[in-house]
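Here are my notes for your first look through this model. Keep the 3D view open beside you and find each residue as we go.

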Amino acid sequence: MPKKNFSLLECAEGTDNINILSGKIIDSAIQVHRKLGPGLLESAYQHGIAYVFSKNNIPFEKEKTVSIIMDDFPIEAGYRADFIVAGKIIIEIKSVERLLPIHDAQILTYMKLGGFPLGLLLKNC
């Protein structure tokens, strides 16, 4: 049976398709890690992932400032997302020896405040 080709816009629509898109994101991060290796600053991995996303036509926004609302009061620059992919997936990159519980809390908070159905925490891409 031939494999169905999904457009990335279709991938952003439903749960099954968001999983396909997240797989493409993870594949991109693995490519960057294999080519750059560990030990670089987060910004190097961000530029590498942006390059791979662009090359593969993955829709993204890099270092996007996300506003938050507190008691009907907008707080501009509430946080800055490393990447938002297809308006649905938030990505946080960490260049650390090991991930800590605060990193998990950070991505979960970003997901909650931004209404993102999926968040990916990537270590050393």
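1. Let's start with Ser 28, which sits in helix H2. Helices (H or I, at least four residues) and strands (E, at least two) are DSSP runs here, numbered from the N terminus. This is a predicted model, in which local features need pLDDT of at least 70 and side-chain atom pairs count only at pLDDT 80 or more, while totals for chains, interfaces and linings use all residues. Residues are numbered from 1 along each chain as its sequence is written, and side-chain values use heavy atoms, with hydrogens and water left out.

2. Is Ser 28 buried or exposed? Ser 28 counts as buried, at 1% relative accessibility. (Buried means under 20% relative accessible area, exposed over 50%, partly exposed in between, with a 1.4 Å probe and protein chains only.) A polar atom of the Ser 28 side chain lies 2.9 Å from the backbone oxygen of Lys 24. Leaving aside neighbours within four places in sequence, Ser 28 is in contact (heavy atoms within 4.5 Å) with Val 52, Phe 53, Asn 56 and Ile 58.

3. Phe 53 is buried, with a relative accessible area of 0%. Its contacts, again leaving aside neighbours within four places in sequence, are Ile 25, Ser 28, Ile 58, Phe 60, Phe 83, Val 85 and Ile 91.

4. Now for the rings. How many aromatic pairs does a search of the whole structure find? There are four. (Rings of Phe, Tyr and Trp, the last by its six-membered ring, pair if their centres lie within 6.5 Å; planes under 30 degrees apart count as stacked, over 60 as edge-to-face and the rest as tilted.) Phe 53 and Phe 60 make a tilted pair, with 5.5 Å from centre to centre and 55° between the planes. Phe 60 is partly exposed, at 26% relative accessibility.

5. Phe 53 also pairs edge-to-face with Phe 83, at 5.5 Å centre to centre and 75° between the planes. Because Phe 53 lies in helix H3 and Phe 83 in strand S2, this pair ties together parts that are 30 residues apart in sequence. Phe 83 is buried, with 0% relative accessible area. Phe 53, Phe 60 and Phe 83 form one aromatic cluster.

6. Next, the nonpolar core (a set of buried Ala, Val, Leu, Ile, Met, Phe, Trp, Tyr and Cys residues joined through side-chain atoms within 4.5 Å). The largest one has 18 residues, and those with the most contacts inside it are Ile 25, Ile 49, Phe 53, Val 85, Ile 89 and Ile 91. At least two of its residues come from each of helix H2 (15-36), helix H3 (42-55), strand S2 (73-85), strand S3 (89-94) and strand S4 (118-123). Another core lies apart from it, with 10 residues, including Ile 68, Ile 84, Ile 90 and Tyr 110.

7. Please look at strand S3 from both sides. Why is S3 largely enclosed by the rest of the structure? Six of its six residues are buried, so S3 is largely enclosed. Ile 89, Ile 91 and Ile 93 are buried on one side, and Ile 90, Glu 92 and Lys 94 on the other.

8. Finally, step back. The protein has four helices and four strands, running α-α-α-β-β-β-α-β from the N terminus on. Of its 125 residues, 34% are buried.

Methods. A polar contact is a pair of N or O atoms within 3.5 Å; within protein, one must be able to donate a hydrogen and the other to accept it, and residues adjacent in sequence count only if both atoms are side-chain atoms.
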